[in-house]
Amino acid sequence: MSSDPCPCRATDPRPLAYAACCGRYHAGPLHLLAPTAEALMRSRYSAFVRGDHPYLLATWFTGTRPADLEPGPPDLRWLGLDVRRHAEQDPDHATVEFVARSKLGGRAHRLHETSRFVRQDGRWFYVDGDVG
Ligand SMILES: [Zn+2]
C-alpha cells in the first residue's frame, strides 16, 4: 500500500509513507531521479525489501552492474536501515555509510557497508561498496 511506512524507515520527523519517500523514485514522474546519493541508497534498500530488481539494476553503475540478480531466500526479512554518514567528495561523487539489518532462518544479520556513488547526466548510480 502506498500509505504504508517506507521500508527504509525515514522520518521527517514522523515515519514517512512509502509513496512520499522511496516510492517516488521507484515509479512515477521522479522515477530513477533520487536527488542525492543518500536518497538513492535508501531507495535501493527499499527496492531490495520489495524485490524490485529492475530498479536495482537501473540504478547500478554500468561498469560494476551484474548481468542479473538472484532472488533472495524466501524467508529473508529486512528489519531496518540506519544511514550513518553521507559525504560528498565532489558534486558527482559521494559515499554513504549504512547498517542494514535482516533476519534469515531465525538468525539476525547485520550488513555494515560504505557504498560509493557517482552522478552521471544528473542521475546518481551505485558503484560498489566496502563491507565491514
Ligand atoms: Zn524510504
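I count helices (H or I, at least four residues) and strands (E, at least two) as DSSP runs, numbered from the N terminus.

**Entry 1: ground rules**

I am working from a predicted model, where local features need pLDDT of at least 70, side-chain atom pairs count only at pLDDT 80 or more, and totals for chains, interfaces and linings use all residues. Residues are numbered from 1 along each chain as its sequence is written, and side-chain values use heavy atoms, with hydrogens and water left out.

**Entry 2: confidence**

I checked pLDDT, the predictor's confidence in each residue, from 0 to 100. The protein chain has a mean of 94. I note that 98% of its residues reach 70 or more. By element, helix α1 (residues 23-26) has the highest mean, 98. Strand β1 (residues 77-90) has the lowest, 94. As a reminder to myself, where pLDDT is low, the predicted coordinates should not be read in detail.

**Entry 3: overall fold**

I read the pattern along the sequence as α-α-α-β-β-β-β. The radius of gyration is 14 Å, close to the 14 Å that the globule rule gives for 132 residues, so the protein chain is as compact as a globular protein of that length. For this I took the radius over C-alpha atoms; the rule is 2.2 Å times the number of residues to the power 0.38. I also looked at the C-alpha trace, which spans about 40 × 30 × 30 Å along its principal axes.

**Entry 4: surface, burial and charge**

I used these classes: buried is under 20% relative accessible area, exposed is over 50%, and partly exposed lies in between (1.4 Å probe, protein chains only). Buried residues make up 37% of the 132 in the protein chain. The chain exposes about 7,700 Å², and carbon and sulfur atoms supply 52% of that area. Areas come from the Shrake-Rupley method with a 1.4 Å probe; for residues, only the protein chains shown count as cover.

For charge, I counted Lys and Arg as positive and Asp and Glu as negative, leaving out His and the chain ends. Each charge is placed at NZ of Lys, CZ of Arg, CG of Asp or CD of Glu. The mean positions of the 17 positive and 16 negative charges are 7 Å apart.

**Entry 5: strand β4**

I took contact to mean heavy atoms within 4.5 Å. Of the contacts in the protein chain with a separation of 6 or more, 40% join residues 24 or more positions apart.

Phe 125 is buried, at 11% relative accessible area. Beyond four places in sequence, its contacts include Leu 40, Ala 58 and Gln 120. Leu 56 is 69 residues away along the chain, yet its C-alpha is 9.6 Å from that of Phe 125.

Val 127 is also in β4 (residues 123-131). Val 127 counts as buried, at 16% relative accessibility. Leaving out residues up to four places away, it touches Trp 60, Phe 61, Thr 64, Arg 116, Phe 117 and Val 118. Val 127 and Trp 78 are 49 residues apart in sequence and 22 Å apart in space, C-alpha to C-alpha.

**Entry 6: backbone points**

I found a cis peptide bond between Asp 12 and Pro 13, with omega about -10°. Pro 13 sits in the segment before α1.

I also looked up positive phi in residues other than glycine. Leu 32 has phi near 70°. Leu 32 lies in the loop between α1 and α2 (37-50). Leu 32 is buried, at 14%. Asp 121 has phi of about 50°. Asp 121 is in the loop between β3 (107-120) and β4. Asp 121 is exposed, at 83%.
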